[in-house]
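This briefing is meant for a reader who is meeting the structure for the first time. Please look at the sequence and the model below before turning to the points that come after them.

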Amino acid sequence: MAKSQNGWSANDRSVIASYSLPGGKVSLRKGDVSVILLHAANRWHNEVGKLEWPGIWGYAERPIRGSTTTLSNHASGTAIDCNAPKHPLGVSINKCFTPNQIKALRSLVKYYEGVIRWGGEYSRPDGMHLEINKGASEVKRIADKIRSDMFASTVKNNVATNASTKKGTDKRVPDILPVVRPGDKNGWVGLMQKSLGFSAKDIDEDFGSGTRSALVAHQTASKIDHDGICGQLSWASLISRWGDLKLGSKNPGVEIVQNFVGFRGKECDGDFGPATKARVEAVQRWAGLGDDGVVGNDTRRAFAGLIKPLTTSA
Ligand SMILES: [Zn+2]
């Protein structure tokens, strides 16, 4: 099987599909490669310069320009050219990009941790060109990172949407709980203290050093980052202190669950009733889990953002 310069199998249309970008379509390699290149091209559109058509090139069965033997990475569908007429092969990047665009492109490429290479850095500059520079396992790792970041923004949008619609909306993704830090004084600190097992007289809603030590001890025992800050992962792990939760459970862990499924304020009474169960089941269906309404390890992982059911178009 023919291979392109970066080692991916080439000249094989069966691994190629057509994908949409702002303003047009481009052919790329299916699967994780397309996830990464489409993500990068969308970022180019938003951060470097609007994509202009024609001028976005993907799959092409051809050798590297100037070579008769080495196949271009375009021939394996692992490269994309953006705004080709503006950034021609062989033209110094300083002549065809503004300094801000170069800065934006370098920071864009950095996100992919070496899995994408920008042609602008070649000795023969090719400013339009982005290509995959690693094998399948690294490509999967970065595609997972993209899916994970997409998950986080989906959840954030969900929270914003639900904040602006009336209560009782069927939740399809877990809600995000606010990050609570040392020095904070509010009800969230109180909920954290309660779920850490503080006695009623010690729950003062004041995140002081004693509270921080208790949180760090919990984080250490749970083998998560023990930074003394309560974020989404810490909130989800606090639920586990109260065992698996189900209809009839009544404890501070339930109160956290109720917040994760979109209840707020007085609705979060720590009492696992039918309404809480229905919301938990909705989140479980969204996460691709069995919807038994029981909050066990997998559902806690979904709350923590560790289960990402997003699929790609390939
Ligand atoms: Zn190219």
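The model is a predicted one, with an average pLDDT of 88 over the protein and a score of at least 70 for 90% of the residues. The protein is divided into domain 1, which covers 13-134, and domain 2, which covers 169-303, and the C-alpha centres of domain 1 and domain 2 lie 43 Å apart.

**Confidence**

- Over residues 163-171 the pLDDT is below 50, and this stretch has seven contacts in the model beyond near neighbours in sequence.
- Residues 310-314 also have a pLDDT under 50, and for them the model has nine contacts beyond four places in sequence.
- Where pLDDT is low, the predicted coordinates should not be read in detail.

**The hairpin of E1 and E2**

- Strand E1 (residues 16-21) and strand E2 (residues 24-29) are paired in the antiparallel sense, with six bridges between them, and within this pairing Tyr19 stands opposite Val26 in E2.
- Two residues lie between the strands of this hairpin, in which Gly23 takes a positive phi near 95°.

- E3 and E5 run antiparallel and are joined by three bridges, with Ile80 standing opposite Leu130 in E5.
- E4 and E5 likewise run antiparallel and are joined by three bridges, and here Ile116 stands opposite Ile132 in E5.

**Helix H6**

- Helix H6 (residues 209-221) has 13 residues and reaches 18 Å from its first C-alpha to its last, close to the 18 Å expected at 1.5 Å a residue.
- Thr211, Leu215, His218 and Gln219 are the buried residues named in H6, and because they cover an arc of only 100° around the axis, they are on the same side of H6.
- An α-helix has 3.6 residues a turn, so residues three or four places apart point the same way.
- On the other side of H6, Ser209, Ser213, Thr220 and Ala221 are exposed.
- The buried residues of H6 are covered by elements that include helix H5 (187-195) and helix H7 (232-239).
- H6 is followed by Lys223, whose phi is positive, near 60°.

**Leu215 within H6**

- Leu215, found in helix H6, counts as buried because it has 23 C-beta neighbours inside 10 Å, where the cut-off for a buried residue is 20 or more.
- Leaving aside neighbours within four places in sequence, Leu215 is in contact with Met192, Leu196, Gly228 and Cys230.
- The C-alpha atoms of Leu215 and Leu191 are separated by 12 Å, although these two residues are 24 residues apart along the chain.

**The loop between H1 and E3**

- Pro54 is found in the loop between helix H1 (32-48) and strand E3 (79-81), and a cis peptide bond, with omega about -10°, joins Trp53 and Pro54.
- Trp57 is found in the loop between H1 and E3 as well, and counts as partly exposed because it has 16 C-beta neighbours inside 10 Å.
- Not counting residues up to four places away in sequence, Trp57 touches Asp81 and Ala84.
- Trp57 and Pro22 are 35 residues apart in sequence, and from C-alpha to C-alpha they are 13 Å apart in space.

- Most residues other than glycine have a negative phi, and most peptide bonds are trans.
- Asn11 lies in the segment before E1, and its phi is near 55°, a positive value in a residue other than glycine.
- Asn11 is partly exposed, with 15 other C-beta atoms within 10 Å.
- Glu113 has its place in the loop between helix H3 (99-111) and strand E4 (116-118), and its phi is near 50°, again a positive value in a residue other than glycine.
- Glu113 counts as exposed because 12 other C-beta atoms lie within 10 Å, and the cut-off for an exposed residue is 12 or fewer.

Key. Residues numbered from 1 in each chain as written. Predicted model: local features only at pLDDT ≥ 70, side-chain atom pairs only at ≥ 80, totals over all residues. Helix = DSSP H or I, 4+ residues; strand = E, 2+ residues; numbered from the N terminus. Expected span 1.5 Å × (residues − 1). Arc of directions from axis to C-beta. Contact = placed C-beta atoms within 7 Å. Domains from an automatic or database assignment. Pairing = 2+ DSSP bridges. pLDDT = per-residue confidence, 0-100.
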